[in-house]
Amino acid sequence: STPRVPVMPPSCDPCVATRVPMGPLSLLLALSLLSPWGSAGGSCPPRCVCASNLLSCSQANLSVVPAPLPRFTAVLDLSHNNVTRLRADWAPARLPHLHALLLSHNGLAFVSTEAFTHVPHLRHLDLSSNRLRTLDENLFSDLGELEVLLLYNNEITTVDRTAFENLGRLRKLYLGQNRIARFPLELLREGTRLPQLALLDLSANRLRAVPAGELQALPAWLRDRLYLHNNPLACDCLLFQLLDRGRRRHLSAVEDFQDELRCFLSGPTALVKILDLAGKQPLNCSKAQEAVLEAHLGDSVTLGCDSRWQGVRSRHWVTPGGERVLGDGGNGSVVLLANGSLQLRALRPEDAGTYSCWVAGPLLNETLYVELLVHNFTLHGPHDTLNTAYTTLVGCILSVVLVLIYLYLTPCRCCCCRGTEKPPAPRDDSINSSVLSTTPNHAGGTGEPCGSHVASTAGTGQNGRFKGGGTPPLPTRQGPKAQRKVSDPDSVSSVFSDTPIVV
């Protein structure tokens, strides 16, 4: 007989799987369990469209932010509604995944300083096309990861100096089409408030002046994204030179808006293009050279490679002689610094010329030129060496001093004669007269004062006049020269000196 094999029931067979057909209802149930908007993750707010972690409530005629908001929301679009006030409790629970919040076109007039406490990871915030008038103190201080902030097309007139505190990662700030009258220079100073800021839009505001000198000192990659067009700026040569350099460097903020960069001249004149001020009256601005450095022999200078590309991959320098600088050159006189600048030490006359900096940027390459002028003399020589001009000046001063000493400080030989009335000189020559001198002759070794000698009437000369010293009377001469007198042989007076020469 054939042995009987026991038959196992289907429910007990471990190798047999029971296949149950799945209907539409079962499929929806499975999707609801996998979707974040299922019963475990919350439901999509009314009048909103939900897709994955995106929540769009745009043009839903909302006056308040819908609640509750799912915790996993990454993008929240509330644009084109009527949310006029953003209070601190608009997000009662923390939204750790929210990185983009869109609130444009809402008539928003108030934003609480604690409105962003529960969204610390926000990277994109759009508050454009609203009615904001002031940016209060520490308004965005809770957004340490914010990268893009859109505030254009508002009514902003006042920006608090601390409104953008703690925004260390902010790269783009749009403040155009507002009513700002003061340039917020503190936002641009490198390494202070916004160290990573690469774009600042201040177009279509009420700026009348900008600090052109300080803006020129900014890196070129930041000046490339500084938009100042459509402002009622006052015409100024420094402003012209700032923008003219930007045009020659092909900076987009200048090159793309040349027609909108206008300014007011003094007086009731129309707007003029800032870039047309070169040689135009009354300012007659001159074009500034791009990069020219002046130095002296023996100095050390640093040539900057001011590229408009922020993420530079590589750069190298080429000297005026055509040599490529890769590192230390020669005896260390040419050094390539870590920031891409070229340092020249102990300058020589042959170091003068035009240096080229070749930059490989993230999008395009750029070549910058720096002209170096080396003056053929040292600015500060050794201490024991006097400048020729200085020596000449000192010599002239000493000569003048010596002349003054000679004229005014030389002692008088007959100081006692001053104030004594001198008798009138005789008409004829005598031993007491000289040709051109008024100094009286000395008495014959007596040493008596000039005014103490009294003439004696013992000796009477010609015409009854006294002839001192026993001079014989002059003989009478005939002819036309009878009036000529003979000088006293005992004394000869100097012609051009105050001191008589005694023979």
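Let me start just after helix 4, where histidine 250 takes a positive phi of about 60 degrees; helices here are DSSP runs of H or I with at least four residues, strands are runs of E with at least two, and both are numbered from the N terminus. Please keep in mind that this is a predicted model, in which local features need pLDDT of at least 70, side-chain atom pairs count only at pLDDT 80 or more, and totals for chains, interfaces and linings use all residues. Residues are numbered from 1 along each chain as its sequence is written, and side-chain values use heavy atoms, with hydrogens and water left out.

Helix 4 itself covers residues 237–248, and its twelve residues reach 16 Å from first C-alpha to last, close to the 16 Å expected at 1.5 Å a residue, where the expected span is 1.5 Å times one less than the number of residues.

Asparagine 81 counts as buried because its relative accessibility is 5%, buried being under 20% relative accessible area, exposed over 50%, and partly exposed in between, with a 1.4 Å probe and protein chains only. A polar atom of the asparagine 81 side chain lies 3.0 Å from the backbone nitrogen of alanine 60.

Finally, isoleucine 405 lies in helix 6 (residues 388–408), and at 40% relative accessibility it counts as partly exposed.

Terms used:
Polar contact = N/O pair within 3.5 Å; in protein donor to acceptor, adjacent residues only side chain to side chain.
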